[in-house]
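Please load the model in your viewer and keep the selection panel at hand.

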Amino acid sequence: MSLYNHPLKAKEFVRNDERMHWHDKALWFVREKRDLASKSIPEWEKLRTYAAQIKSHTMANLDKYLLEFEANAKKRGIKVHFAKDAKEHNEIVYKILKENRVEKVVKSKSMLTEECRLNPFLEKRGIEVVDTDLGERIVQLRKETPSHIVLPAIHLKKEDVAKTFHEKIGTDEDNSDPSYLTNAARENLRQKFLNAQAGITGVNFAVAKTGGVVVCTNEGNADMGATLPKLHIACMGIEKIIPRAEDLGVFTRLLARSATGQPITSYTSHFHSSVENGEMHIVIVDNKRTPFLQSNSYKNALNCIRCGACMNTCPVYRRSGGHSYDYVIPGPIGSTLGSFRDPKIYKTLSFACSLCGSCSNVCPVKIDLDSQLYTHRQDLREKNIISNKKRVTMQFAVWLMNRPLLFSFISKLARKTIPLLPKAVIYNKYNIWGKHRDIPQMPAKSFKEIYKEEFKND
Amino acid sequence: MKVGLFIPCFMNELYPKSCVATLKLLKKFDLDVEYPMQQTCCGQAMANSGCSKDMKSLAYKFVDTFKKYDYIVAPSASCVTMVKEHYEPFFHYNEDYNKVKVSIYEVCEFLHDVLKIEKLNVKFPYKVGLHNSCHGHRTLRLGSASELNIPYNNKLKNLLNLVEEIEIIELQREDECCGFGGTFSVSEEDISIAMGKDRIADHLNSKAEVITGADMSCLMHMEGIIKRDKKPLRVMHITEILAGEF
Ligand code: SF4
């Protein structure tokens, strides 16, 4: 079992105070842009309600819509594949590539392929995979994972990027000018696009009624990847379906505004068939999604449209960075998805949250993120995954609280003795509260005592 | 109208001054206020740690203690949230709980929405920063959450504005969490401290002399950091300002 532990990883990130604050401010800036954009639409809250309703309706009838989508996509000459898990997904993709004798692939916009760990799978089989979104390209060159779903390299400063590019694609070491670096990356990627024999993209929305898929990007590289090579493979989770093209507007209006504060993404591309003489495939993956549909507490988590707003607003994410979650999707939504899928491994994630509730209010599809995290904690206790120490402490606290007189007595004792103790005794290594905080000053009397003496007979 | 005063366990022991202020504040409005002596704790800390199953008995005890009152009022938004939002699984269609659930109020909410007070007759000649604690702000909706596109309102500010000579300062981040979060403050200590420091810095940069709010637990966390770091800021529960008890 992995020893994954959010507080420890967070500690590492916080240690560099300057970088932590830089990260916090960068994301808060995006959150503020999102606020302005969302407040520019009077019907914003109504849109959120529609979006939540459309998604919940679709998820409740997912079998029907998936079949409708498949039938309509096939009519358009698109080949549709279903995969039950990551392994099957990767094998299907590999088979298609092999049949087409593909050695070089360009990829864009897909957290799903991250989830399925497609890159290493294909690379092991001799296929070159190049991530073409700038942020994803940067983390790929550094052999890291994305730390945010919309801003995959937000944990890096431009100087870090300059260093990476210098080492990997030979840019000038001291030049960290963003446009210089972007141009260099573009130059480098152009060649990759021209040489690629296949493009893999993600999917933001799959429309059941039309059998087409929609991909939203800001760099236009998904379009290049899907149209330059003859072969286009679009990979999606089963939850990406929406019923009709008419529903799309609700989501595109919410998505870009929530993600980056833009009114709309620069490219909202619709793919309804392959390029001339080419092939288009869609791989639809379950990979542990159906259990969500059966869970009353967590099913809303599948409604997520991956805007990243919950991360930008989360005070814990902003200060601990995406890698501290150690799950393919970080932040509040990642914590709930991860905790549900692998409660043992991710047992610290639902506690990496102060339950402030900002995520649920920012979420464009109204996912009840903070209450899901609260419920996960109860489930961990139920499954006996929380530490014994914590359980016993809490049980003792309840036992004590059920004995008001004893509790009052112990508290009184504490109030009388603590002020007499030397500092070194109070601030010891077991007093985690007191490492960076003073403990409250002990009053002479409790309210209960004062009430009895002064107010009771008022 | 008979009002049952609910005082959170830690406030009873550590912050009696704010509790007295709450009581005096309520008495000012000629209410029949009673503090039931057998009360202890709402069970929030246990439930937030995942042990709601273990604190069921506290929920029963709470409902039993407070069911007879017309209103239940508490100087703690997060404890009110606990009772209102998280007791549900223990009580299925239970009349007593349903009554408690709708009659429990955070004290400011009670003054603002039930008593609809318009005058306080107190002065507080200081620059005050309001900490909108998350449970009060986002769950009880004491103020409009900055994430939402709804008309701005803030019940705590409306009440503070009844105080004479007070100056309420503007913060950079109106409703950012202070990082207390119950046992979060210990289990995620590093993040908790970082959040607390940032929250305090926001108040200092805005030239506040006092931080106030409706949750003593958040204030206790920030007070702990302020004292350790020797920052020039005072921390006061909002009832102390509203009652003129300071
Ligand atoms: S949970 Fe909501 S806010 Fe978070 S990424 Fe998904 S849609 Fe966006």
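The tour goes from the chain contact to the ligand, then to the cavities and finally to an annotated domain.

This is a predicted model, in which local features need pLDDT of at least 70 and side-chain atom pairs count only at pLDDT 80 or more, while totals for chains, interfaces and linings use all residues. Residues are numbered from 1 along each chain as its sequence is written, chains are lettered from A and ligands numbered from 1 in the order in which they are written, and side-chain values use heavy atoms, with hydrogens and water left out.

Begin by selecting the contact (heavy atoms within 4.5 Å), to which chain B gives 72 residues and chain A gives 77 residues. About 6400 Å² is buried between chain B and chain A, with 58% coming from carbon and sulfur atoms; buried area is the accessible area (1.4 Å probe) that two parts lose on being put together, summed over both. Now highlight B:Glu13, B:Glu147 and B:Asn149, which supply 11% of the area that chain B buries against chain A, more than any other three residues.

Next, select the residues around the ligand (a heavy atom within 4 Å), among them A:Cys304, A:Arg306, A:Cys363 and A:Leu369. This shell divides into 10 nonpolar residues, one polar and one charged, where Ala, Val, Leu, Ile, Met, Phe, Trp, Tyr, Cys and Pro count as nonpolar, Asp, Glu, Lys and Arg as charged, and the others, Gly among them, as polar.

Then turn to the largest cavity, which holds about 120 Å³ of space; a cavity is a set of points on a 1 Å grid over the protein atoms alone where a 1.4 Å probe fits but cannot get out, and lining residues have an atom within 4 Å of a point. The volume is the space filled by probe spheres set on the points, which are joined across faces, edges and corners. Of its 17 lining residues, the closest to the centre include A:Cys314 and A:Pro332, and the lining has 12 nonpolar, five polar and no charged residues.

Finally, select residues 3-84 and 128-222 of chain B, where an unreviewed UniProt entry places "domain: Cysteine-rich", an annotation that may be inferred rather than shown by experiment.

Definitions and conventions. 1 Å grid on protein atoms, 1.4 Å probe; cavity = no way out; pocket = protein on both sides within 12 Å on 5 of 7 lines; lining within 4 Å.
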